[in-house]
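Try each one before you read its solution.

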Amino acid sequence: MAEPVSTERIGNVAIVEIDNPPVNALGSLIRQHLEDHVRAALEDDGVDAVVLAARGKHFSGGADIREFGQPSTGPDLPGLIARLEAADKPIVAALKGTVFGGGFELALGCHYRIADSSARFALPEVRLGLLPGAGGTQRLTRLIGPEAAVKLIVTGEPIDAREALSLGIVDRLDDGDPREAAIAFAGEIAKTRPLPRVSEMTDRIAAVDPVAFDAVAERFLAANRGLTAPRACVASVRNAFTRPFAEGLAEERRMFAELRGSDESRAQRHLFFAERAALKVPGLDATVKPRPVQKIAVIGAGTMGGGIAMSLASGGYDVTIVDQSDDALTARLQAIAGLYRKSAARGASAAEGETALARISSTTDFAAAVGGADLVIEAVFERMDLKKQIFGELGTLTKPGTVLATNTSSLDVNEIAEASGRPGDVLGMHFFSPANVMKLLEVVRGDKTDPDALATAIEVGRRSGKIPVTVGVCFGFVGNRMMAARTRQLDAMLLEGASPAEIDAEARRFGNAMGPCAVSDLAGLDVGYLVRKESGRRAYVIDAIAESGRHGQKTGKGLYRYDPGDRRPIPDPEVDTFIDALALQAGVTRRPIPDDEIGERLVYPMINEAARILEEGIAARPSDIDLIWISGYGFPRTKGGPMFHADTIGLPTIVARLDELAERTGSEELHPAPLLRRLAEQGGSFGDMNGS
Ligand code: NAD
């Protein structure tokens with residue numbers, strides 16, 4: 001095995017190079033070798049300057065987060081960076097590709113930073129429920145000022161090399177090899193003193209207006225309500241301009257350690273691994289290559305078709321939307337252009353919006369559009385006869401190898417696949433509304449879907465900025481099936497005596513932005529009602545309310561009432577009276593339902609349904625289910641998803657409560673699923689099923 005860190009001498013410059021594929025993560029072994037090599041170079045009288053470089057495409061992706069929670073060995077990163085910065089010979093970082101997290105902090109400890117245009121900089125720790133804990137908050141604030149620093153640190157978003165240059169993060173941008181450029185640069189400045197140490201810089205923190213800073217910080221915090229880490233990030237950046245460097249650094253380390261041990265960060269780290277695990281689909285190994293895709297036809301210019309087209313265009317695909325009338329197409333394209341204008345007004349790149357818009361065309365010529373496509377995504381009305389007819393036509397009108405996807409949310413993908421006559425090419429690509437915003441993509445694998453067709457849908461989803469999670473065929477797939485289990489409990493609780501406001505308050509306490517009753521009113525009670533009706537199901541209370549003409553916000557009345565022009569839900573005594581009458585009819589004596597029971601009944605039946613989904617092999621692993629609920633249904637990130645949350649509560653507790661509820665309510669479906677009961681009895685957890 002190659003040495004993970006090596007030193008090469010060119011004249012009076014020592015090049016210390018990290019070689020830890022794939023992203024040069026800074027695990028304990030690397031830190032130890034780095035420390036040794038840099039020290040040796042600094043102690044060598046023949047060396048006047050050091051270049052810190054890395055092999056491969058990326059400088060460094062940062063800490064090795066698999067080491068979190070394990071006892072730390074070797075020098076810690078903050079100490080290593082401090083010793084680099086304190087060196088009496090210049091150290092020049094040669095940056096390219098990913099310069100993230102600890103890798104970015106390492107670069108900030110160097111005296112100079114040279115980058116090529118491939119370099120991307122980010123401090124994404126906040127996404128793991130952390131703050132940059134190796135001096136990042138203190139040094140970056142000193143280098144580029146608090147307002148620019150807080151944006152990078154609280155959003156965790158990457159910036160490109162050009163922006164890094166304009167902010168002053170890099171000293172020089174060089175389009176040649178950054179290693180060569182850094183060596184030449186090191187030669188030039190080898191004797192220049194004093195050495196620029198970021199920790200000693202004061203220009204950018206000398207005259208900060210704390211009120212203006214707070215206003216900027218508040219903007220970024222607004223998008224992160226309920227999370228602790230973003231607040232800690234802001235506090236730490238504030239320390240950088242209000243306290244001496246050493247104090248700010250010690251406080252940063254203290255907050256980092258505290259966050260690292262928190263449930264919130266454990267949940268976020270779980271989701272980080274969940275996202276990677278979801279791309280490992282059983283039966284799809286590295287030998288299965290996605291089919292080439294450039295042209296995509298989207299059938300149906302409705303709400304979903306429009307959003308899907310926007311996502312695909314931002315992924316660089318050429319999209320043609322097909323519908324039956326020019327009017328529908330014109331209206332949809334206008335709506336899309338409006339959405340791009342709106343996001344440009346909110347700060348997105350107008351040029352990127354225009355480029356994406358230019359990739360979207362429209363036609364009423366079905367045969368021409370699908371004939372030239374590498375992938376077709378159907379998003380017409382949710383009717384089996386219509387979908388079967390369309391897939392029948394697709395089977396003959398498309399080229400061999402064109403992948404045929406349906407966006408159905410409830411119909412049998414296998415039945416649709418058979419109608420095409422070539423089921424190997426068919427699968428579901430279940431986007432969520434609004435499809436240009438929501439990250440989740442359930443990729444529905446049919447019984448006969450070819451592995452490379454599946455790989456194609458996953459790749460297209462990933463390139464379009466989605467989080468693709470592969471699921472099997474069943475009613476509602478994973479997300480909506482669990483949602484239906486929750487809706488049944490919601491309906492039962494309404495009948496038994498809980499009010500919409502009580503249920504929503506409990507959901508908000510749990511961490512949801514909105515409660516399920518307010519969400520139903522927003523989406524329209526008629527929507528769920530029609531889906532249930534189509535599949536022969538019924539929600540006793542909610543559907544009766546929908547049938548009474550109360551469809552939610554759009555009719556001013558639903559599970560709540562609404563003042564004209566106001567979206568705030570107001571509890572409505574008429575709803576109570578209505579439900580009282582339903583309960584009387586059903587012979588149910590209404591009673592107050594305690595808050596903790598409401599909370600349990602909103603979540604435990606969903607966990608139980610998920611256990612059945614796992615038993616049936618509809619989802620490959622519990623973490624896939626967590627990802628679905630976090631990225632598609634607004635489940636609070638701090639809880640890590642329903643399965644992670646179940647483990648946090650303890651499976652025996654959940655089983656005991658479900659047994660009790662099943663007995664009291666007589667509801668068959670509340671009996672714990674065999675998998676759930678077995679795990680609870682054996683002291684196991686859903687986490688055990690995720691694998692490593
Ligand atoms: P929609 O009613 O807004 O749009 C459907 C579009 O399909 C209309 O523009 C219609 O003109 C067009 N259409 C109908 N027949 C056609 C044909 N033969 N050829 C070409 N175009 C035709 O519906 P939507 O909400 O966009 O839903 C579309 C699909 O997406 C459905 O299968 C639905 O279940 C699914 N879905 C919807 C949501 C959601 O929240 N709305 C979420 C996930 C999936």
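**Exercise 1.** In which loop is the place of Pro-22?

Solution. Pro-22 sits in the loop between β2 (13-18) and α1 (28-43); helices (H or I, at least four residues) and strands (E, at least two) are DSSP runs, numbered from the N terminus. Next, check its peptide bond: Pro-21 and Pro-22 are joined in cis, with omega about 0°. Now stay in the loop between β2 and α1, where you'll also find Asn-24. Asn-24 isn't a glycine, yet its phi is positive, near 55°. For background, most residues other than glycine have a negative phi, and most peptide bonds are trans.

A word on the source: this is a predicted model, where local features need pLDDT of at least 70 and side-chain atom pairs count only at pLDDT 80 or more, while totals for chains, interfaces and linings use all residues. Residues are numbered from 1 along each chain as its sequence is written, and side-chain values use heavy atoms, with hydrogens and water left out.

**Exercise 2.** Work out how α28 and α29 pack.

Solution. Start with the geometry: α28 (residues 651-665) and α29 (residues 674-681) meet at about 130°, with axes 8 Å apart. Axes are lines fitted to C-alpha atoms, for helices over the stretch in contact, and angles run from 0 to 180 degrees between N-to-C directions. That angle makes α28 oblique to α29, since angles under 35 degrees count as roughly parallel, over 145 as roughly antiparallel, 65 to 115 as roughly perpendicular and the rest as oblique. Then list who touches (contact means heavy atoms within 4.5 Å): Leu-651, Pro-652, Ile-654, Val-655, Leu-658 and Asp-659 of α28 meet Leu-676, Arg-677, Leu-679 and Ala-680 of α29.

**Exercise 3.** Which residues come nearest to the ligand?

Solution. Of the 21 residues around the ligand (a heavy atom within 4 Å), the nearest are Met-304, Asp-323, Glu-382, Lys-387 and Asn-407. Now look for polar contacts (pairs of N or O atoms within 3.5 Å). A polar side-chain atom of Asp-323 is 2.8 Å from a ligand oxygen, and one of Asn-407 is 2.8 Å from a ligand oxygen too. Val-380 uses a polar backbone atom, 3.3 Å from an oxygen atom of the ligand.

Definitions and conventions. A polar contact is a pair of N or O atoms within 3.5 Å; within protein, one must be able to donate a hydrogen and the other to accept it, and residues adjacent in sequence count only if both atoms are side-chain atoms.
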